[in-house]
Structures are given as C-alpha cells and as structure tokens.
Amino acid sequence: MAGTLMNKASLLLILLGALGQAQAQALLADPTRPPAALAASAPATNAKPASAPVAPKAPELQALRLGKDLPPLALIDDKLVRIGDRVGEASVLAISEEGVLMRVGRGPDQWLRLNPGVRKSSATKENK
C-alpha cells in the first residue's frame, strides 16, 4: 500500500512539474520571435513564388565623400562609385552635397539623395 501511494505521489509531482514548465515557457516567450499574427500570415517556406514580376529595387545612396583635394565618391548599394561609373543600368553623372545624379539610358536624369524628403535650404533672418 505504501509503495502504491509513493508511486501516485511521484506521478503527481511529475505532472505538476511538467505543468509548471509549460506555464513558465508560455510566460517567458522568445523576445526575438515574431508576433503570432505575423507568423500565421507569413507564407510557407516551400510555397511557390508568385508569378508576377518583381520590380527591380531602386539603388540606395548610403554615403558621400566630398573634399577639396579628393575626388568625390559615393557608396551606393555597398559599392564605391566615382563619376562615370555604372550602377546597374544607370551611369553616375555627378556627385555633390545634393546627392548623386544618375541617368538610365536616354531617360531623364535622377537624383539619389542621402535623406530623401530633406532639402537643404539657407537660413533666413526673422524680422523683429
């Protein structure tokens, strides 16, 4: 009788321990794991890619090097470029504090800027 009671008590302790561990794992979620809502909506890794063509990514200007005695350089998509170099289908026409002026084929010239949406302007005095 004592052995049966010990077995039941041991089984109860094991079950309680497992239950406690499951609750602890639920409370201590992995902070790097995406939220469940995003994980549920994410496509399966073995899913076939969509047949729609993907537009090429626009080049990204990451840095400029300008100086009096140095030729201007730009870092575009992790590649150092000079005036006259090519980035994909585009050629670099100018590098200045405005950004990098590029031309694709016979299309219009386009500026790549470090901070799109931010324009440099001169300060004006307020009338007192």
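The following paragraphs describe a four-stranded sheet and two residues, Ser91 and Arg113, in a predicted model. In this predicted model, local features need pLDDT of at least 70 and side-chain atom pairs count only at pLDDT 80 or more, while totals for chains, interfaces and linings use all residues. Residues are numbered from 1 along each chain as its sequence is written, and side-chain values use heavy atoms, with hydrogens and water left out.

The sheet is open and has four strands in the order E4-E5-E6-E7, with antiparallel pairing. Strands (E, at least two residues) are DSSP runs numbered from the N terminus, and two of them pair if DSSP finds at least two bridges between them. Strand E4 (86-87) and E7 form the edges, each pairing on one side only. Strand E6 (residues 99-104) runs antiparallel to E7 and is joined to that strand by four bridges. Arg103 has Asp109 in E7 as its bridge partner.

Ser91 belongs to strand E5 (residues 90-96). With a relative accessible area of 17%, Ser91 is buried; the term means under 20%, whereas exposed means over 50% and partly exposed lies in between (1.4 Å probe, protein chains only). Beyond its neighbours within four places in sequence, Ser91 is in contact with Asp85, Arg86, Leu101, Met102 and Arg103, where contact means heavy atoms within 4.5 Å.

Arg113 lies in the segment after strand E7 (109-112). This residue is partly exposed, at a relative accessible area of 22%. The side chain of Arg113 reaches the backbone oxygen of Glu98 at 3.1 Å. Arg113 and Glu60 are 53 residues apart along the chain, and their C-alpha atoms are separated by 8.3 Å.

Conventions: A polar contact is a pair of N or O atoms within 3.5 Å; within protein, one must be able to donate a hydrogen and the other to accept it, and residues adjacent in sequence count only if both atoms are side-chain atoms.
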